[in-house]
Amino acid sequence: MASFNPSGYEKFSGSPPKQGQEAATTGIPLSSSNRYSTESCETNTRLQTKTQVPWSSGLCDCFSDWRNCCITCWCPCVTFGQIAEIVDKGSSSCGVNGALYTLIACVTGCACCYSCFYRSKMRQQYMLKKHPCGDCLVHCCCEYCALCQEYRELKTRGYDLSIGWHGNMEKRSREVAMTSIPPVVEDGMSR
């Protein structure tokens with residue numbers, strides 16, 4: 001039969017320990033001040049704003065890549081699908097993202113509500129500035145221009161959006177393999 005021990009009960013109560021008595025270690029903060037996590041959040045925010053870089057091209061530079069501009073104008077689901085596959089790092093395919101974009105556009109008429117999340121995700125991955133305004137506002141007001149800008153940004157960063165994520169990874173691994181293998185030189189030939 002268990003006996004009731006009032007001193008043991010007091011040890012784990014919410015009252016502060018008396019002088020000379022040890023406080024119980026529970027892992028639960030007793031103080032309502034959370035100054036450590038607040039300081040680290042402020043530090044992280046300062047670091048992110050310092051290291052953000054501008055977009056490689058402007059929002060209205062659509063005609064710098066006229067081919068992509070035309071595709072985006074007539075069939076934005078293709079451009080969006082290509083962008084989303086790269087931003088998702090191959091976890092979702094171009095076709096699935098493009099079809100979902102089209103479905104949302106047909107049912108709600110607001111595919112920009114879906115595509116703006118990918119702009120946000122892309123900005124976070126590449127530490128891009130929020131320019132000229134918030135991601136959702138950019139997509140709601142200038143959907144096609146925003147898609148073209150995201151496409152150009154990924155292209156500038158070395159991606160070939162026509163071959164998808166896995167194609168780009170294979171291409172990069174081949175390039176790395178080619179640079180790490182020394183050229184074969186036959187006897188009697190000079191380099």
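The expected span of a helix is 1.5 Å times one less than its number of residues. Helices here are DSSP runs (H or I, at least four residues), numbered from the N terminus. With that in hand, let us look at helix H6.

This is a predicted model, in which local features need pLDDT of at least 70 and side-chain atom pairs count only at pLDDT 80 or more, while totals for chains, interfaces and linings use all residues. Residues are numbered from 1 along each chain as its sequence is written, and side-chain values use heavy atoms, leaving out hydrogens and water.

**Helix H6 and its surroundings**

H6 has 15 residues and spans 21 Å from its first C-alpha to its last, close to the expected 21 Å at 1.5 Å a residue. Several of its residues are buried (under 20% relative accessible area, with exposed meaning over 50% and partly exposed in between; 1.4 Å probe, protein chains only). The buried residues of H6 are Cys112, Tyr114, Ser115, Cys116, Tyr118, Arg119, Met122, Arg123 and Tyr126. For Cys116, the relative accessible area is 2%. The cover over these buried residues includes H4, H5 (94-108), H7 (135-141) and H8 (143-156), where contact means heavy atoms within 4.5 Å. Just after H6, Met127 has a positive phi of about 55°.

**Aromatic pairs**

Rings of Phe, Tyr and Trp (its six-membered ring) pair if their centres lie within 6.5 Å; planes under 30 degrees apart count as stacked, over 60 as edge-to-face and the rest as tilted. The count by this rule is five aromatic pairs. Two of them involve Tyr114:

| Pair | Centre to centre | Angle between planes | Class |
|---|---|---|---|
| Phe80 and Tyr114 | 5.1 Å | 55° | tilted |
| Tyr114 and Tyr118 | 5.6 Å | 85° | edge-to-face |

Tyr114 and Tyr118, by contrast, both lie in H6, four residues apart, about one turn of the helix. Phe80 and Tyr114 are both buried, and so are Tyr114 and Tyr118. Ring pairs join Phe80, Tyr101, Tyr114 and Tyr118 into a cluster.

**A charge over a ring, and the cysteines**

The charged end of Arg172 sits over the ring of Tyr159, 4.5 Å from its centre; the rule asks for NZ of Lys or CZ of Arg within 6 Å of the ring centre and within 35 degrees of the ring normal.

There are zero disulfides in the structure, a disulfide being a pair of cysteine sulfur atoms within 2.5 Å. Cys62 is in none, and the nearest cysteine sulfur, that of Cys145, is 3.6 Å away. Cys62 is buried, at a relative accessible area of 8%.

Technical notes. Helix = DSSP H or I, 4+ residues; strand = E, 2+ residues; numbered from the N terminus.
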